[in-house]
Amino acid sequence: MGSRRGRRHGVSQEDREVDEALALVSRSSQAASNPGAEPGQDSGQPGQEPGRPAGPSAPPSRTGATPWGEARALAERVGGAAAPRAQRVTLAQAVGQVLAEPLDALTDLPSFDSSAMDGWAVAGPGPWWSVEEGGQVLAGHAAPGPLPDGAAVRIATGARVPPDATAVIRSEHARLDEARGRLYARREVVQGQDIRPRGQECRTGDQLLPAGALVTPAVLGLAAAAGYDGLSVVPRPRVEVFVLGDELLSEGLPHDGMVRDALGPLLAPWLRALGAEVLGTRHLGDDADALHRAVTASEADLVVTTGGTAAGPVDHVHPILRKAGAELLVDGVAVRPGHPMLLACLGGGAEGRFLVGLPGNPLAAVSGLLTLAEPLLRARAQRPPLAPYLTPVRDDVNGHPHDTRLVPVVHRAGGRDAEGAEQAVPLHYNGPAMLRGIAAADGLAVVPPGGARAGQELEILDLPWTEGRFT
Ligand SMILES: Nc1nc2c(c(=O)[nH]1)N[C@H]1C(S)=C(S)[C@@H](COP(=O)(O)OP(=O)(O)OC[C@H]3O[C@@H](n4cnc5c(N)ncnc54)[C@H](O)[C@@H]3O)O[C@H]1N2
Ligand code: MOO
């Protein structure tokens, strides 16, 4: 706390008043109804109704904190400001990255006239005589010779259609009189049927996908079919995580005032799900020199720290950023939880190297991850912006008088109203030090200052596992 620009050291009277007011409301009206809420986090101002803007008696807004939407937009801008050079990688390495160049077909597809079915290639009207007893044209085999008019030859799906063949008849639609060596069609034969002509899907040079397309497993298949052995992609942003705090344990039960490090295990896979390459996660304790050395020596495009963003005696993030000559771009965001989060530029030339300082409280850290790291990484990897996604909220949600709130919700898995329309169900256990709510959630609802009424549409930030899948 106290991390707003120009007054990082100490807590102002104004800040104390805000938090005391919120804590009182929370204790009197929230605690009983919402066991998971924490003082100052799940409450509106006294007497305030959800969905109403803060009235004249609302505590004053904190100065210097960047509005939530502005902070996200700024993180996206700096992330996208300098496009990193394209990188040539194998197909397998490219999955999950973004195409740096359009995917142009290197060949016609199919690259030869091919049979769509197992059956007979025929030339001209029937009945046909079999070209050679037991003869057949198989996929991948040598080019067959021309088919004389009136002839038929067995053919397999994917095999080259002999020159001069006029149709393919599926085996189940043909009858072979073996004694006479004659082939009869059981139904009308249409010129060209079940022949896939060369270039049906694309011609050499056709654009199959534009630059910027996400390389999905389906894109890998298409690229391979179209002749690619590797792809030119936008490199994944490299991220290094420094977990701060002497009180953190890496295993076993919490004891003696120590707590388990919840962010080390959470951040690397979450960052990977956001498209980053994670160089490593290191626990640095509360050692300012070690943090300074680690931040200045890091080769990452983005350094993510956890904890130490406030103004306590061992909160070293601001001092080491000053010492490193970093430029603070965002120093506190008007969002709960997570308001002490910060974004700094560490220099690094045209492309820029950045640091996102996540608050130590675990849900506050998730809030910082989605507010600052996600847009920065997305823009740097040149992934397309996400269209805002709105859904009505099932229940009233208390808001902060001035700040945006991010509240864990379930919206895909089971949140439906009587008519079956999707709705977001706000979850309890959403205090800044709690992960119980977010662990059960598939999104975070963006609650405007003043709160929201049941039925009101709120923006939802999807979590990477929203659709029930995670790799
Ligand atoms: N006087 C004030 N103090 C605080 C304020 C305030 O407004 N005035 N704001 C509080 C808020 S809100 C937050 S968020 C935290 C942010 O503080 P820091 O970023 O400096 O975080 P720490 O002090 O290092 O830790 C806070 C809390 O989180 C626990 N923690 C830290 N790292 C981890 C981890 N990896 N895994 C699990 N838990 C972690 C830590 O033990 C503390 O309990 O400041 C408040 N203070
Ligand atoms: O409200 Mo703090 O920002 O716990 O997260």
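The legends below describe close-up views of a predicted model.

Figure 1. The chain has 471 residues, and 42% of them are buried. Contacts between residues 24 or more positions apart account for 71% of the contacts with a separation of 6 or more.

**Figure 2. Helix α8, residues 362-380.** The helix has 19 residues. From first C-alpha to last, α8 reaches 25 Å, close to the 27 Å expected at 1.5 Å a residue. The helix bends by about 40 degrees at A373. A proline, P375, follows within four residues of the bend. Of the 19 residues of α8, 19 are buried, so the helix is largely enclosed by the rest of the structure. An α-helix has 3.6 residues a turn, so residues three or four places apart point the same way.

**Figure 3. The largest nonpolar core, with 87 residues.** The residues with the most contacts inside this core are L302, V304, L355, V356, L372, A373 and A445. Helix α8 gives the most to the core, with eleven residues. A373 also marks the bend of α8. In soluble globular proteins, nonpolar side chains tend to be buried together.

**Figure 4. The contacts of L355.** L355 is among the residues with the most contacts inside the largest nonpolar core. Residues up to four places away in sequence are not counted in this view. Beyond them, L355 touches V295, V303, T305, L321, A326, A344 and L346.

**Figure 5. The residues around ligand 2.** They are R336, P337, G338, H339, P340, P359, N361, A364 and P432. Five residues of this shell are nonpolar, three are polar and one is charged. P337 is found in the loop between β22 and β23. A cis peptide bond joins R336 and P337, with omega about -10 degrees. P340 also lies in the loop between β22 (333-336) and β23 (342-345). P340 has 28 other C-beta atoms within 10 Å and is buried. Its C-alpha atom is separated by 79 Å from that of R175. Along the chain, P340 and R175 are 165 residues apart.

**Figure 6. The cis peptide bond between G126 and P127.** Omega is about -5 degrees here. P127 lies in the loop between β6 (119-122) and β7 (128-130). A cis peptide bond also joins R336 and P337. Most residues other than glycine have a negative phi, and most peptide bonds are trans.

**Figure 7. Q382, with a positive phi after α8.** Phi of Q382 is near 60 degrees, in a residue other than glycine. Q382 sits in the loop between α8 and β25 (390-392). Is this residue buried or exposed? Q382 counts as buried because 22 C-beta neighbours lie inside 10 Å, and the cut-off for a buried residue is 20 or more.

**Figure 8. Y429, with a positive phi of about 50 degrees.** Y429 is not a glycine. The residue lies in the loop between β27 (425-426) and α9 (436-440). Y429 is buried, with 20 other C-beta atoms within 10 Å.

**Figure 9. D229, in the loop between α4 and β15.** Helix α4 covers residues 217-225, and strand β15 covers residues 230-234. D229 has 10 C-beta neighbours inside 10 Å, so it counts as exposed. The C-alpha atoms of D229 and G325 are 44 Å apart in space. In sequence, D229 and G325 are 96 residues apart.

**Figure 10. L463, in the segment after β29 (457-462).** L463 is buried, with 20 other C-beta atoms within 10 Å. Leaving aside neighbours within four places in sequence, L463 is in contact with A441, D442 and G443. The C-alpha atoms of L463 and D164 are separated by 56 Å. Along the chain, L463 and D164 are 299 residues apart.

Conventions. Residues numbered from 1 in each chain as written. Chains lettered and ligands numbered in written order. Predicted model: local features only at pLDDT ≥ 70, side-chain atom pairs only at ≥ 80, totals over all residues. Helix = DSSP H or I, 4+ residues; strand = E, 2+ residues; numbered from the N terminus. Expected span 1.5 Å × (residues − 1). Bend = angle between axes of the 7 residues up to and from the residue. Buried ≥ 20, exposed ≤ 12 C-beta atoms within 10 Å, placed from the backbone. Core = buried A, V, L, I, M, F, W, Y, C linked by C-beta atoms within 7 Å. Contact = placed C-beta atoms within 7 Å. Near = placed C-beta within 6 Å. Nonpolar A, V, L, I, M, F, W, Y, C, P; charged D, E, K, R; others polar.
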